[in-house]
Amino acid sequence: MRKLVCFGLFSFIFSVTATTFNYTDTQTGNNLIPLGYPVPIPVDSLTPVDGFRTYESLNLRHQQMSAESSFIQQISVGDTIEGNPIWAYQLSDPGTLNSSGIAEASALLNSGIHAREWQTPEAATGYIEYLFNSSDDQHMGQYILENVNLVIIPVLNIDGFKQTQRFAAQVTSSEASPRDGRMRRKNMRSVDQNLNTLSDNLNGIDLNRNNGPYWATNNQRSSPDQTSIVHHGAGAASEPETQALQQAAILAGESRLRLYTDNHSFTQVYFAPSTGNQRRDDITADIAFIMRAANGFKYRFGPSAAGGGIGSTDEFFANTYQIPSYTLEIEPENSGADYGGFGPSHSGFILPNSEVSRMREETTLATMAGLYAIADIPYLLKAEVWDEAQQEVVLSFGWQNEESQRVLTELIVGQLQGQTNYQLNLIFNKPMRWIENGQVSDFSTLSDALGISLSLRIEGGEQNSEIEIDTSQGQWQAEIGYSQYKTDTFSVPFRLTEDFDWSQISLLALEVDTQDFTGQELDTNPGSIIDWRNGAWTNYEDTQGNVNTDKGGVDLSMRWIDDGSDLFVTSPDVTDPPAPPPTSVPNPPVSSSGGGGASDWLFISLLLPILLSRFKKGELSSPSN
């Protein structure tokens, strides 16, 4: 069976004239390409299915959610060559300020730029469906909607996507690779919808080569030849789809952009262009680490060197806006063989129906974790002390916004006594812990269910000491007792020593060491409001008070009695950011026109002269992105 598949595939790849082939499950024969699993055929359904939905169904589903939710707005950002409106969906609450009182962060997520990559419109639709269903969950979904201005384009290359779905089981080949029908990659410029018009099946523009600043600068992976699979078009942003994507960035709010992702398939990796802005590059690695952790690091991370590119969208957004920007290559890592199929070299573009629901859930979880992380940095917003015997709050301090800064304000005036049972409630600006099946839980390797250390620093008279609070007796509030979001509040009992004397104390400070559920550490000085500029956080202090490391630390700013001493352990003196976390460099990506097993490559080596002649067109060298 394997030999028949390889022989049929390579006859198909190196055919001089265009030929139409049919995908099958296991049937072999002339002009048949067996996958080893049922050929996915899109179905009409408004709700998620264990498989793929038609473009018409996806479009209606998006419109339905927009009509039923005040958090989702449908906006046209342009029209395709064939006149199809390109829809963007703005997901956010009606307000423009986040919970910190400043303008919301924004993010842009794109899908469906390459027509044959059906995984990506389903993934993007999964994002919208998650937020649609979670707008009042008092946890991650609601937090994202209330703190991020998110714009999603579920299908950018609508014309090409519809062409692939017209011929869901058919593909044409001409010269080097499968190019029209189910395997169309490019848009439909100079192409008709008739699969039998074989003369145009190589035409079209690769929209992921049509972008500045590196348009037409890489002659190995971008081509001026209109028949090349990586044809870059007449000029940067020459295509209406590319222009629509840039319009969507304006819709999101260009000055507030903090994240861009372009969904592709396949090779299971987050590709990320470096820009030479070291802090931006390090944060890009950090956010990728968070998104990869969400699914147990089954996805890899592939940063590129700064200063060059292929004209892809992630390069445009990384360099234009200095933000974390990714080409997310969705599974499989290799090809259909990952799912027990026969593994034709391009079958990674044909995900089995049985894998779609899981893929949708996993990519949604990872993307939401990234959005949660870029929305805001965690900080301690408020601390209050409850007298258990008197059943009342006796002391409460909170950070209040005043113009461009915050001021620690005494909300309830009181004094603490020794030998008294108290409950300490700490309220943060965001949900701090993951919830799984209704229970506060670990989130991958980034956080555990408790994950907090507390102590009271006391100075004055004979009482200079540090009292550790036993946080194992406390809990993150997920049912009742939280402030705005589930797990934004940690409650713990404590008791002061008998010799505690409020009147003799010059400093009573709460020391808090914790992270949000994606592992981001606390801002140690909430008085200076965090924002984002030129690819990095501003006013994000670490334990030593440094603001240029993009790392937080231990917060000593919550002072119930303040002697005016420095908030930080030492004076700020660090100028260099820390090294980024270790990253895994991916293996070379699978060619968009075919990889395959050892027998395939042996065959290719025998045809090296032919391959070299076609390499110049980008036919056999371009990765799936």
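Reader: Over how many bridges do strand 10 and strand 12 pair?

Author: This is a predicted model, in which local features need pLDDT of at least 70 and side-chain atom pairs count only at pLDDT 80 or more, while totals for chains, interfaces and linings use all residues. Residues are numbered from 1 along each chain as its sequence is written, and side-chain values use heavy atoms, with hydrogens and water left out. Strands (E, at least two residues) and helices (H or I, at least four) are DSSP runs numbered from the N terminus, and two strands pair if DSSP finds at least two bridges between them. Strand 10 (residues 269–273) runs antiparallel to strand 12, and the number of bridges is three.

Reader: Which residue of strand 12 is the bridge partner of Asn-263?

Author: Strand 9 (residues 257–265) runs parallel to strand 12 and is joined to it by six bridges. For Asn-263, the bridge partner in strand 12 is Leu-328.

Reader: Why is strand 12 described as largely enclosed by the rest of the structure?

Author: Buried means under 20% relative accessible area, against over 50% for exposed and in between for partly exposed, with a 1.4 Å probe and protein chains only. On one side Ser-325, Thr-327 and Glu-329 are buried, and on the other Tyr-326, Leu-328 and Ile-330 are buried. Strand 12 (residues 325–330) is largely enclosed because the number of its residues that are buried is six of six.

Reader: Which helix gives the most to the lining of the largest pocket?

Author: On a 1 Å grid over the protein atoms alone, a pocket is an open set of points with protein on both sides within 12 Å along at least five of seven lines, a cavity is a set where a 1.4 Å probe fits but cannot get out, and lining residues have an atom within 4 Å of a point. The largest pocket has a volume of about 510 Å³, and 23 residues line it, with Tyr-130, Ser-134, Thr-364, Leu-365 and Trp-434 nearest its centre. Helix 3 (119–133), helix 9 (356–375) and strand 17 (434–436) each give two or more residues to this lining. With six residues, the one that gives the most is helix 9.

Reader: How much space lies in the largest cavity?

Author: The count comes to three cavities of 30 Å³ or more, where a volume is the space filled by probe spheres set on grid points joined across faces, edges and corners. Among the residues lining the largest cavity are Tyr-55, His-62 and Trp-87, and helix 2 (55–68) gives the most, with three residues. The space in this cavity is about 60 Å³.
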